[in-house]
Amino acid sequence: MKFADICGQKDLKEHLQRAIRHEKFSHAYIISGEKDSGKMMLAEAFAAALLCEDRRGEDSCGVCRSCRQAEHRNHPDIRYLMHEKPNTIGVDEIRRDINDDIVIKPYASAYKIYIVDEAEKMSVEAQNALLKTIEEPPGYAVIFLLTTNANAFLPTILSRCVTLEVKPLSVAQTKEYLMKECRIPDYQAEVWASFSQGNLGKAIRLASSEEFNGFKTQLTDTLRRIGQMDSWEIAQAAGELEEQKNAIQDYLDLMTIWFKDVLLYKAAGSEDRLVFQDEAMIIRNQAKSASYQGIERILESVEDAKRRRSANVNLNLTMMLLLLTIKENIA
Ligand SMILES: [Zn+2]
């Protein structure tokens with residue numbers, strides 16, 4: 001992974017590359033940001049550049065032996081903490097993979113880099129064990145703690161690490177990346193970029209997920225027909241949604257984007273800035289037949305459904321109420 005291949009994250013890249021150029025860096029970093037936001041890419045780009053045998057400027061060359069090993073994740077001096085249990089990182093893993101290992105000098109280069117993914121899963125004992133190492137690390141070691149939640153760390157850990165926060169990209173940057181690098185057509189890239197709110201990893205994952213594409217089709221089918229559906233069909237649609245429990249949050253988020261489109265069309269009278277470009281005709285019709293108040297009611301009931309879902313309220317009933325509210329206000 002090269003810094004040059006990472007989309008966006010200008011400030012963080014500059015910070016880390018400056019550190020490499022002057023060979024002045026912290027021995028412990030926290031990189032915090034959402035799932036799939038590029039935390040691992042940044043840590044790996046740093047590791048590859050620092051260890052590169054033919055470094056030019058402050059990025060890795062991508063072709064030397066060290067870079068190839070880094071790319072295949074079998075570089076002897078880039079160490080990943082192995083997760084043994086899915087939900088917690090215990091003290092034994094920290095001792096085995098970091099504390100006992102870090103005293104051994106680098107094998108092939110001048111530095112040794114440790115990467116702990118999902119570091120928020122460290123137990124308090126594990127953090128305390130790590131603390132001793134972070135307080136006095138050997139000069140050749142750099143530790144990266146990657147996390148979705150830096151608040152999970154003890155204050156003593158936080159105070160000894162440099163924290164770097166991964167910021168979401170703009171929707172336009174995400175869209176551009178999807179179109180250029182993933183060859184996704186314009187109108188689809190717009191949907192995934194808006195949906196992922198600048199989380200590029202999420203955007204790529206969703207855009208290439210067949211399951212999620214199927215889901216999006218199901219949503220547009222339902223919304224297209226909802227004005228003509230009778231109560232029995234609505235009950236059936238609610239039942240189908242209930243079966244896909246895990247994806248329901250995504251489904252509701254897509255609905256919010258859809259009805260914001262309806263609202264936008266009603267206000268602006270133009271298709272130019274719609275996210276669901278390929279459904280512009282239906283969105284136009286819905287915008288014409290619904291009132292502002294009706295669209296507001298729909299958006300509120302989508303938010304309401306999100307709250308009910310996280311409160312574990314009867315999902316079938318929640319979805320049925322939501323679909324009925326939409327039908328009532330859209331027709
Ligand atoms: Zn190299």
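Select α10 and α12 to begin: α10 passes α12 in a right-handed crossing, a crossing being right-handed if the near helix is turned clockwise from the far one by less than a right angle, and left-handed if anticlockwise. Helices (H or I, at least four residues) and strands (E, at least two) are DSSP runs, numbered from the N terminus. The model is predicted: local features need pLDDT of at least 70, side-chain atom pairs count only at pLDDT 80 or more, and totals for chains, interfaces and linings use all residues. Residues are numbered from 1 along each chain as its sequence is written.

**Stop 1: α10 and α12.** Highlight residues 210-225 for α10 and residues 248-268 for α12; their axes lie 10 Å apart at an angle of about 50°. Axes are lines fitted to C-alpha atoms, for helices over the stretch in contact, and angles run from 0 to 180 degrees between N-to-C directions. The two helices are therefore oblique to each other (under 35 degrees counts as roughly parallel, over 145 as roughly antiparallel, 65 to 115 as roughly perpendicular, the rest as oblique). Show the side chains of F212, F215, K216, L219 and L223 in α10 together with D250, Y251, L254, M255 and W258 in α12, which make the contact (C-beta atoms, placed from the backbone, within 7 Å). By class, this contact of α10 with α12 has eight nonpolar, no polar and two charged residues (Ala, Val, Leu, Ile, Met, Phe, Trp, Tyr, Cys and Pro count as nonpolar, Asp, Glu, Lys and Arg as charged, the others, Gly among them, as polar).

**Stop 2: α14 and α15.** Move to α14 (residues 292-310) and α15 (residues 315-330), whose axes come within 9 Å and cross at roughly 175°. α14 and α15 are therefore roughly antiparallel to each other. Among the residues of α14 that meet α15 are G294, I298 and R309; L315, M319 and I330 are among their counterparts in α15. The contact of α14 with α15 comprises eight nonpolar, five polar and three charged residues.

**Stop 3: the sheet.** Next, select the five strands of the open sheet, which follow the order β2-β3-β4-β1-β5 with parallel pairing (two strands pair if DSSP finds at least two bridges between them). At the edges stand β2 (78-80) and β5 (162-165), each with a single partner strand, so one side of each has no neighbour in the sheet. On average, neighbouring strands of this sheet are turned by 20° against each other, direction ignored. Strand β1 (residues 28-32) runs parallel to β5, joined by four bridges. Within β5, L164 stands opposite I31.

**Stop 4: α4 and α5.** Select α4 (residues 91-99) and α5 (residues 124-135), which pack at about 25° with axes 8 Å apart. The pair is therefore roughly parallel.

**Stop 5: the whole chain.** Finally, colour domain 1 (3-165) and domain 2 (209-330), bounds that come from an automatic or database domain assignment. Taken over C-alpha atoms, the centres of domain 1 and domain 2 are 42 Å apart.

Key:
Two residues are in contact if their C-beta atoms, placed from the backbone, lie within 7 Å.
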